[in-house]
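Subject: Structure for your review

Dear colleague,

Please find the sequence and the structure below. My notes on what was found follow directly after them.

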Amino acid sequence: MKRYLCSIIIGMVVILSIGTYYVKVASSASSLPKYTFKTLEGSDKELDQVIINASLQNGSNFYEPLTIESNTTTYASERSYLENLTGRQGHEIERLVKEHRSFMRGRDSISSLYEDDDFLAYARVNSEYTKSGNMEAEFDIGLLEKKDEEETSFQIELPNQGRIMNADVRDVQLVHSKLQVLTMNDVNSNNEKQTKEVHLYTIDVANKKVLSDKTLVSETFTDPEQVDFEMPIDLAPSQPNNMVFISLIKGVNHEDGFEEKLKESKLLSYNYETEKLETVKKGSLSLEMARSGYTDGKNLYTVEMKSGKYRIKTFDLSSQSLTNDTELDIAANKEEQYTAAFKNGRVYFLLNGMNQVGKTNKPAKLLIADIKTGKTLYKGETIINKKNSKSFELYIDDLEIK
């Protein structure tokens, strides 16, 4: 009897402790400012698709992540224990976990995923260093046939791993029933020279083997020389895509910072179907446009400030030609940071309110417009419901569209 009484007391203490925790959390969250968008123009129904991930800060004394979704603010402390334990996941990852829970277990990197109507694929490089300082790396490969939920998963050694210091998966495609995995690799060197490479691995999932390891680009340099690779922001990283763009950036590190060698830098395109790697002509698409651009696999969208307005330029990837140039009805401000997203023929343009050095905290402004015509579908700005909100600063991390 004493044993059962002890268990009951322990259980009650645990329940009371959890209850007290959530009461404190609810009380704390209720004292924080709530951010919503005040509609200035258009329909507020357009906000239903918008997710803004941000954080509330008060110098170094306070930090709290938050999400504004469907025009409602939710703080991390208001979420369940399990939600906070797993961390914030993007909308696409949440959808895939919900639809294919077993396959997605432990797989949360969107750049490592590929999805079409029939298949869901995954490729990631797992690595660790041995006591001798060498890296051991392997591919973690998964393929799900959606129709019958048949799953194939296996691990296989990364080819030539003895010379690789790091391999970062940047794109995964399924082409002619073979998995194509694009990576950016840091290569081991026995001298002062450094080497960076872009690799394309072709993997036969049915026979669980790597068919080829193709080096698309290789650049060797010595400090203070520097080489880097960049890709446009992928709006649909898990969707089928025939072409990728890679910016090859060359420069020199000085005491005052990095100085790019524009004449030696270039923009490359790779077509998965034709297996052609080409240098993009500077007249069709500049390096700066590609680096700051957003791609959905068919088009590349770039943001330009001109005559006091923001303009959205649309480039067709297959023809590498400008197909649209749209002016947005929102004043340009060089000091303010912006975030953009593109989906279903719309551009979602968010002026963060925070300037480059973080000295001001203006209301964030959101514009939703038709990408072809520039017609405003929604325009609004954040308002706050707390009097003490001036002591807080809202930092916007990213913008998602459902």
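A salt bridge is taken here as a side-chain nitrogen of Lys or Arg within 4 Å of a carboxyl oxygen of Asp or Glu.

The model is predicted, so local features need pLDDT of at least 70 and side-chain atom pairs count only at pLDDT 80 or more, while totals for chains, interfaces and linings use all residues. Residues are numbered from 1 along each chain as its sequence is written, and side-chain values use heavy atoms, with hydrogens and water left out.

Confidence

The pLDDT is the predictor's confidence in each residue, from 0 to 100. Its mean over the protein chain is 85, and 86% of the residues reach 70 or more. Residues 17–27 have a pLDDT below 50, and this stretch has four contacts in the model beyond near neighbours in sequence; contact means heavy atoms within 4.5 Å. Where pLDDT is low, the predicted coordinates should not be read in detail.

Salt bridges

The whole structure contains 18 salt bridges. For their placement, helices (H or I, at least four residues) and strands (E, at least two) are DSSP runs, numbered from the N terminus. Buried means under 20% relative accessible area, exposed means over 50%, and partly exposed lies in between (1.4 Å probe, protein chains only).

In the pair already named, Arg124 belongs to strand E6 (residues 119–129) and Asp108 to the loop between helix H4 (101–104) and E5, so the bridge ties together parts that are 16 residues apart in sequence. Arg124 is partly exposed at 33% relative accessibility, and Asp108 is partly exposed at 46%.

Glu115 takes part in two of the contacts of this kind described here. Its side chain meets that of Arg95 in a salt bridge of 2.6 Å, N to O. Because Arg95 lies in helix H3 (residues 91–99) and Glu115 in strand E5, this pair joins parts that are 20 residues apart in sequence. Glu115 also forms a salt bridge with Lys146, with the closest N and O atoms 2.8 Å apart. Lys146 lies in the loop between E7 and E8, so this second pair ties together parts that are 31 residues apart in sequence. Through shared partners, salt bridges join Glu92, Arg95, Glu99, Glu115 and Lys146 into one network. Within it, Glu115 is buried at 6% relative accessibility, whereas Arg95 is partly exposed at 23%.

The sheet E5-E6-E7-E8

Two strands pair if DSSP finds at least two bridges between them. On this basis four strands form an open antiparallel sheet in the order E5-E6-E7-E8. Strands E5 (113–115) and E8 (150–157) are at the edges with a single partner strand each, so one side of each is left without a neighbour in the sheet. Strand E7 (residues 135–145) runs antiparallel to E8 and is joined to E8 by eight bridges. Ile141 stands opposite Phe154 in E8.

Nonpolar cores

A nonpolar core is a set of buried Ala, Val, Leu, Ile, Met, Phe, Trp, Tyr and Cys residues joined through side-chain atoms within 4.5 Å. The largest has 23 residues, of which Phe37, Val50, Ile52, Leu350, Leu366 and Leu399 touch the most other members. At least two residues of this core come from each of strands E1 (35–42), E2 (50–58), E3 (62–69), E24 (346–355), E25 (365–370) and E27 (393–401). Leaving out residues up to four places away in sequence, the contacts of Leu366 include Phe37, Leu47, Val50, Phe349 and Leu350. A second, separate core of 22 residues includes Tyr114, Leu158, Leu179 and Val181.

Leu56 lies in strand E2 and is buried, with a relative accessible area of 0%. Leu56 and Phe392 are 336 residues apart in sequence, yet 6.5 Å apart in space, C-alpha to C-alpha. Leaving aside neighbours within four places in sequence, Leu56 contacts residues including Leu32, Pro33, Tyr75, Phe392 and Glu393.

Ser391 lies in the loop between strand E26 (376–384) and E27 and is partly exposed at 36% relative accessibility. Ser391 and Gly59 are 332 residues apart in sequence and 8.8 Å apart in space, C-alpha to C-alpha. With neighbours within four places in sequence left aside, Ser391 is in contact with Gln57 and Asn58.

Yours sincerely
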